[in-house]
Amino acid sequence: MTIIETYIQKHPRSQALFGQAQALFPSGVTHDGRYVTPFPLYVEQCAGAHKWDADENRLIDYWMGHGALLLGHGHPAIVAAVQRQMERGTHYGAEHELSLQWAQLVKRLVPGIERLRFTASGTEATMMALRLARAFTGKPVVLRFTGHYHGWHDLLAHDTNDASAPAGLYDGMLGSTVVAPTDLDYVEQALRSRTDIAAVILEPTGASYGAIPLPHGFLRDLRQLTWRYGVLLICDEIVTGFRVAPGGAQQRAGVTADLTTLAKILAGGLPGGAVGGRADILRHLAFGDAEWNQVRKIRHFGTFNAAPLSAAAGTAMLGIVANDAPGAHAATLGERLITGMNAELRRRRLAGWAVYGDASIFHIVAGCSVGFPPGELDPTAPPDELKRGGDPRLVQLLRLGMINHGVDLMRGRSGFVSAAHTPGDIDATIAAFATTLDEMVT
Ligand code: PLP
């Protein structure tokens, strides 16, 4: 039986649910990244490092709530905090003390956060960061990097310099961003030649949480460059925050941005985001005199800003990850996984394949057109191939094949290791990878 035939045979209930979903959601899914042919997996329950699908198959989970669940599913301290909060109320329509504890933890952990505002998602956080940068500098344009993802709102939905707008945007919008390669000379030239750039925004470990790694020292050098040209630096730590170090990629690199965006781990596995940074920039969210309010104040609403359940989960989460132990444990397991998977690639002499990553995040590239030796990612590999994980046909087979053998990789090409994974989970994943590779290449 082929990988696809086995997948169909093992997941009749997922297939039936997908049949119903097609009459409800475009392409039957609620998030583009969950789309896969012939049909996506339907999951019913999670605990620790595992999830159970609608056909009662157990999987080792590497989606981990799209990176939100550094402590795994259902960590007892988070469950208890949310249950307690459920009984007290899910929405007060008022300020509440828990939001202060949550914010104090953020402020203590993340460099440069003097003031912050909570949002309902990461997308909202980057949208607000851009608005703050424009309000503070009085300049309209933001420089961003090719392939870096900052949410799906209009301002940052387009990540190439193509002249025509993608569906749903219009050409006039594209002038508000400059899209640059991760090349400091290119950035410097843009900052020198233009006077309308308010800020530079980036994912601090590279596009798609490091699938396209940044050149060595890039974040530090970019900080110097933005200072030199009087342009704000926005660090999008929505994935890296509280993961690569308790204070995120900035703490690890010894860099402090002007503004930082956060989400995912921030809210302990519930919805939530935040934008924080220099008090003089965040002042644009504060009330002042009538004239300030009319000209300078950014309006900020949002029914679920600092929602009590998210505040409860987030406070419990950050209280635990403030001590680096969970992140460090997950990173050690991530290293074990990468080493083991690369050994399987070498054993099969699969040129153009590699597993690589940073801290507890890993990426797989399958069948890259640059046929580097197995397991040795070539820095000249085309960035668009790294971003999609190599050959899309191989990525799909790997995704389904790994599911057949009890492992749910994120989109078939990445994953987040959590503190709930065990060495046994990692070794089982490597074994599933070996078996899937054999099925794919024979
Ligand atoms: N920025 C980065 C770096 C992300 O990875 C994401 C989501 O994956 C976002 C922003 C958007 O966050 P959200 O999905 O909470 O809107």
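**Domains.** I took the centres of domain 1 and domain 2 over C-alpha atoms and got 28 Å between them. The model is a predicted one, so I treat every value here as computed. The domain assignment puts 3-73 + 325-441 in domain 1 and 76-321 in domain 2.

I then looked at where the two touch. Domain 1 brings 19 residues to the contact, and domain 2 brings 22 residues. On the domain 1 side I asked which elements each supply at least two residues. They are α3 (64-67), α14 (325-347), β12 (354-358), β13 (361-365) and α15 (383-388). I sorted that side of domain 1 by class: nine nonpolar, eight polar and two charged residues.

**Core.** Next I looked up the largest nonpolar core, which has 129 residues. The members that touch the most others are Val-106, Ala-133, Ala-199, Val-200 and Ile-234. Both domains take part, with at least three residues drawn from each of domain 1 and domain 2.

**Ligand site.** How many residues surround the ligand? I noted 14, with Ser-121, Gly-122, Thr-123, Gly-151 and Ile-238 the closest. Helix α6 (residues 122-137) gives the most to this shell, with three residues. By class, I logged eight polar, four nonpolar and two charged residues around the ligand.

Conventions:
Residues numbered from 1 in each chain as written. Predicted model: local features only at pLDDT ≥ 70, side-chain atom pairs only at ≥ 80, totals over all residues. Near = placed C-beta within 6 Å. Helix = DSSP H or I, 4+ residues; strand = E, 2+ residues; numbered from the N terminus. Nonpolar A, V, L, I, M, F, W, Y, C, P; charged D, E, K, R; others polar. Domains from an automatic or database assignment. Contact = placed C-beta atoms within 7 Å. Core = buried A, V, L, I, M, F, W, Y, C linked by C-beta atoms within 7 Å. Buried ≥ 20, exposed ≤ 12 C-beta atoms within 10 Å, placed from the backbone.
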